[in-house]
Amino acid sequence: MKIINLITCIFLVIIISGCHSSKRSINSEDLSPDISAEKIPLQARLDSVVAMYGTWTDVELPVDLALMQPTEINLSGRASMVKDESIYISIRVFGFEAANIFINNDSIFASYKMGKLYIAESIKSLLSGHSVTVGDLQNMLLGRAFILEKGSINSSMKNDFTMKYTDNSWLISPKSKYKNIKYQYSFDLSNNMLEELLVTINETNKSTCKYGSFSNSDAGIIANDITILSSLKNNTINAMISWDMNKAKWNTGVNRKWKMPKGYKKIETASLLRLF
């Protein structure tokens, strides 16, 4: 059951929180070594961020999933994404698929082979009628700032957000169409890399996505890892998703599908959340 716990935990948190070929980590000297805080206009910083975002159609790459709280679990597998369409993650144990997760623009599906269990839920029902697209989730997972339901951020969206400096970073604050949801991006002053996404729901419930190092890829700058801090029911959730960018395969036409397993028992969301 630990595998299904991890699947549920990480991906419910994700949803609720709603270039060249050599891959190497990016540090503050790689991009803008002479940037001096507020001497740089915010529009120039935005242009720098947008320029880092390359185009892509699909990707397949190894992934490590780690849950630190409320329990400790570590798993690995492979992820396949079709831009703006789907996310498929296969959890592997001794080379065999033990579980999988599939997300499209309507629903989230998952199956756990050893327990013969599966999940099939509408994203809108999980979000109490709110919407989040696969493209939003992909941008969050890959370390790209985005506007809900509009895609990764660009200069043509300047009416959709505000920008400002703080003492240690600069911020982009989108104008949310949902009154009870606010979200904000924090960027490094030295190199304009995304540091954090903060999501606040109903003024009190907060989820944070913290980004570590970044790598160059065939699709531009991509986050190597994301740490998700949130709460689910009465539990603190601390999870990490790490990508192996050295083995990423971009734009090959991969398009994984999810099939309803035969003879499996469906787990309802209410029952599933009691596992925590």
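Here are a few questions and answers about the predicted model shown above.

Residues are numbered from 1 along each chain as its sequence is written. In this predicted model, local features need pLDDT of at least 70 and side-chain atom pairs count only at pLDDT 80 or more, while totals for chains, interfaces and linings use all residues; side-chain values use heavy atoms, without hydrogens and water.

Q: What share of the 276 residues counts as buried?
A: Let's start with the term: buried means under 20% relative accessible area, exposed over 50%, and partly exposed in between, with a 1.4 Å probe and protein chains only. Of the chain's 276 residues, the share that counts as buried is 54%.

Q: How many residues does the largest nonpolar core have?
A: A nonpolar core is a set of buried Ala, Val, Leu, Ile, Met, Phe, Trp, Tyr and Cys residues joined through side-chain atoms within 4.5 Å. I153, Y185, L197, Y211 and W243 have the most contacts inside the largest one. Its number of residues is 71.

Q: How many residues of helix 4 are buried?
A: Helices here are DSSP runs (H or I, at least four residues), and strands are too (E, at least two), numbered from the N terminus. Helix 4 covers residues 134-142 and is mostly covered. Among its buried residues are V134, D136 and L142.

Q: Is F96 buried or exposed?
A: You can find F96 in strand 5, residues 96-103. Its relative accessibility is 63%, so F96 counts as exposed.
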